[in-house]
Amino acid sequence: MKSIEAKIVVLGAQGVGKTSVVIRYVGKLFSKHVSPTIGASFFTFKMTVDDYRVKLQLWDTAGQERFRSMAPMYYRKANAALLVYDITCRESFENIQSWVDELKKNVEGTIIMCVIGNKTDLVSRREVTREKAEQYADSINALYYETSALTNDGIQEAFLQVSLSLIKLSQTDKSSGLTVYDGSASLLNADGIIEDGIGDMNNHRRRRDSEDSNNASCCS
Ligand SMILES: Nc1nc2c(ncn2[C@@H]2O[C@H](COP(=O)(O)OP(=O)(O)O)[C@@H](O)[C@H]2O)c(=O)[nH]1
Ligand SMILES: [Mg+2]
């Protein structure tokens with residue numbers, strides 16, 4: 001059996017449900033790590049898909065997303081990105097492209113992207129049609145799923161498809177940066193990842209604070 005380890009970053013406007021989606025998915029089966037340096041937290045989650053053991057590191061923001069920018073180290077070595085918006089908030093959908101631009105700037109290798117329209121339980125207040133969102137996802141070569149962190153609708157499916165895409169990427173793109181190895185031993189020291197780039201982050205945060213603190217979103 002092969003194993004792969006992947007880092008997934010979760011991006012999107014404040015209030016769209018990023019943390020709720022992650023918590024809903026990892027449920028009780030997670031261990032949470034907090035990086036004191038960047039204030040972001042990540043959750044590790046293991047599962048078996050097809051013939052692979054998949055270990056996911058899910059990185060969640062801690063409010064920095066309101067500046068529409070994360071520290072470069074947040075993106076470092078990311079293999080996949082969940083681009084989350086709220087189907088009842090058009091602005092949060094239009095906001096996705098700026099996160100895609102950020103990704104392109106900060107990630108070198110191939111990255112799996114998955115656009116997620118969250119809060120499907122509030123469908124009566126929908127502002128973005130599924131068709132429009134799917135079209136957009138297609139145009140940026142991303143997967144598209146609709147979810148509800150409240151009802152659990154679509155959550156498993158979205159993560160399963162992202163995992164399958166990661167496995168496929170590991171098979172077809174040897175330079176993808178995905179950690180792939182035989183057997184079940186882990187090569188990654190999860191905590192090791194968050195050690196570098198401290199100074200970088202601090203500078204970054206100061207700069208963004210002064211530039212962008214007036215950014216408001218209808219979702220927050
Ligand atoms: N109705 C509904 N509310 C949700 C859903 N997901 C998140 N929320 C709510 O939206 C608010 C923001 O969620 P949160 O996960 O903190 O968003 P984040 O800022 O993107 O991490 C909270 O009040 C959540 O309870 C959902 O699928 N449906
Ligand atoms: Mg959050």
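How many residues surround ligand 1, and which are the closest? Select ligand 1 in this predicted model and display its surroundings: 15 residues surround the ligand, and the closest are G17, K18, T19, S20 and A149. If you colour this shell by residue class, you will find four nonpolar, eight polar and three charged residues around ligand 1.

Next, select helix α1, residues 18-26, which gives the most to the shell around ligand 1, with three residues. Within α1, pick out K18, V21, V22 and Y25, which are the buried residues of the helix. Now turn the view until you look down the axis of α1: the buried residues fall within an arc of 95°, so they line one face of the helix.

Then move just past the end of α1 to G27, where the backbone takes a positive phi of about 50°.

Finally, zoom out to the whole protein chain, in which there are seven helices and eight strands. Of its 220 residues, 40% count as buried, and among the contacts in the chain between residues at least 6 apart in sequence, 75% join residues at least 24 apart.

Key: Residues numbered from 1 in each chain as written. Chains lettered and ligands numbered in written order. Predicted model: local features only at pLDDT ≥ 70, side-chain atom pairs only at ≥ 80, totals over all residues. Near = placed C-beta within 6 Å. Helix = DSSP H or I, 4+ residues; strand = E, 2+ residues; numbered from the N terminus. Nonpolar A, V, L, I, M, F, W, Y, C, P; charged D, E, K, R; others polar. Buried ≥ 20, exposed ≤ 12 C-beta atoms within 10 Å, placed from the backbone. Contact = placed C-beta atoms within 7 Å. Arc of directions from axis to C-beta.
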